[in-house]
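Dear colleague,

Please find the structure below, handed over for your use.

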Amino acid sequence: MEDRLQMYNTLTRSIERFVPNVPGKVAMYTCGPTVYHFAHIGNLRSYIQEDVLEKTLRYLGYDVKRVMNITDVGHLSDDGDNGEDKMVKGAQREHKTVMEIAKFYTDAFFEDCRKLNIKTPDVVEPATGCIPEFIHMIEVLLEKGYAYQAGENVYFDTSKLKEYYVLTNHSEDSLLEGVRDDVDVDPNKRNKNDFVLWFTKSKFEDQALKWDSPWGVGYPGWHIECSCISMKHLGEYMDIHCGGVDNIFPHHTNEIAQSESYLGHKWCNYWFHVNHLNDRNGKMSKSKGATLTVSVVEENGYDPLVYRMFCLQSHYRKPLEFSYEVMDQVKSAYEKLRRRISGMAANAAGEVDSEAFAQFRRQFEDALCNDLNTASAITVLYDVLKADIPDATKVALAKSFDEVLSLDLTKPLPEAEGSGADGELTAWVEEMIAKRAEAKKAKDFATADAIRAELAARGVQIKDTREGVVWELISQS
Ligand code: AMP
Ligand code: ZN
């Protein structure tokens, strides 16, 4: 098969053609959630875009194996080695055990994913299930001289690497300032960027989960889990590693440091990072008070798939600001789209035009192959709906595109509320109105009039207003 996908690689800071290690097969890893609270819709933006990447690869014909961890131990509140353990904090907040918290929020995360049509990765592995693997990797790093013990913790020694900042533009100087501000510098570290592989004696006396290890009873640092879990299921060579942009430093930088030191060769070729969703006040954060979750979006009257479409209409590498005004626009567009397609589906008899199908499918793939341009891919869908091709072909294309977009495009609509008409009729009328608008645009007034007459024959009266066409059911035929 031809490798057509072009995508941005954080490692090389450029758009590259994606070529997997093994032709036709993709080994893909995603940093999973830290399950101490509900995921906010920012977190879920990352998972939606990673889902689109996985589904695009499958659509293009690759055999994808995708692995995700669940962080249920070791993630501290400042992403470095300072602060409190997020899981322990969650357990204290809710007067539960860490494992109860982990189970509750893992289930909640997958429920949110289900609502957003995010496919569950092929393998999902909680960090607490892989402690022996972590210990083994740390032992090897110690043997090879990449790690050291100090103050009863085990640290990775970043001074042993030729290049540490492979993923970032960071220079030693720019980081020094940050370190100078940091009042909580760990005196055991030989170099400022060294990070903990295994905690034993630490300031977190209340750490609930502890395991025996060659260095004493303790628990792993955060970064080691993703290196070990990915290698356990995907082997020594990985094609794509994903996460949000905040993961680039220090998490992914440290993952590369320890994985490549352990393996002795390059580990992962492509790094895919999704930019942040922000609210008006800036970065969204799970630890801030009011969290914008999928449930909040639903309580405000939006189908979670409206949020999925909201995300797909912008590019994953650009920051995105959440607003209910834009959500309203997307909601209206989404509902129209669903009604239109379901109106067609109700009346689409006949054969699919295979030539037109192949041509539009290619256009859709081209949009996605252009660094996952989902907004253009959606435009191709609108082009299909406008095209002069049989309805059966349009419906078949919508169904096909939905393998990637996952917007339930061809799912039957629930009954329309309050219009007095059933959902199927509403969808059909919307579809006829859209066809009439196209005919009028093409100055094909005969067709436009015929459509009006067909609607009237079914008891539907339409009126052209400045706000668009409005319709009314005056008699049931
Ligand atoms: P966490 O549960 O904190 O480990 O984060 C889960 C995923 O969400 C990671 O891939 C983060 O990089 C990503 N993430 C965190 N905040 C945001 C945000 N505001 N917008 C998009 N992705 C985010
Ligand atoms: Zn990770």
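D51 counts as buried because its relative accessibility is 0%, under the 20% cut-off. Please note that the model is a predicted one. D51 belongs to helix α1. Leaving aside residues up to four places away in sequence, D51 touches R66, N117, I118, K119 and R308.

**The strands around β3**

Helix α1, which spans residues 41-59, also takes part in a right-handed β-α-β unit, together with strands β3 and β4. Within this unit, β3 and β4 (residues 63-70) are paired in the parallel sense, and six bridges link them. One pair of facing residues is Y29 and V67, the latter in β4.

Strand β3 also pairs with β10 (residues 238-244); these two strands run parallel and are joined by three bridges. Here Y29 stands opposite H241 of β10.

How far is β3 enclosed by the rest of the structure? Strand β3 covers residues 25-30, and five of its six residues are buried, so the strand is largely enclosed by the rest of the structure.

**Domains and their interface**

The domain assignment divides the chain into domain 1 (6-274), domain 2 (294-405) and domain 3 (423-473). Between the C-alpha centres of domain 1 and domain 2 the distance is 33 Å. To the contact, domain 1 contributes 25 residues and domain 2 contributes 30 residues.

The size of an interface is often given as the accessible area lost when the parts come together. For domain 1 and domain 2, the buried area is about 2500 Å², with 63% of it on carbon and sulfur atoms. On the side of domain 1, the residues that lose the most area to domain 2 are I41, R45 and Y59, which together account for 32% of what that side buries.

How many salt bridges does the rule find across the interface of domain 1 and domain 2? There are two salt bridges across that interface. In the model, a salt bridge also joins the side chains of K115 and E298, with an N to O distance of 2.9 Å.

With kind regards

Key. Residues numbered from 1 in each chain as written. Chains lettered and ligands numbered in written order. Predicted model: local features only at pLDDT ≥ 70, side-chain atom pairs only at ≥ 80, totals over all residues. Heavy atoms only, no water. Buried < 20%, exposed > 50% of the residue type's maximum accessible area, 1.4 Å probe, protein only. Helix = DSSP H or I, 4+ residues; strand = E, 2+ residues; numbered from the N terminus. Pairing = 2+ DSSP bridges. Right-handed = clockwise from strand over helix to strand, strands pointing away. Domains from an automatic or database assignment. Contact = heavy atoms within 4.5 Å. Buried area = accessible area lost by both parts, 1.4 Å probe. Salt bridge = Lys/Arg side-chain N within 4 Å of Asp/Glu carboxyl O.
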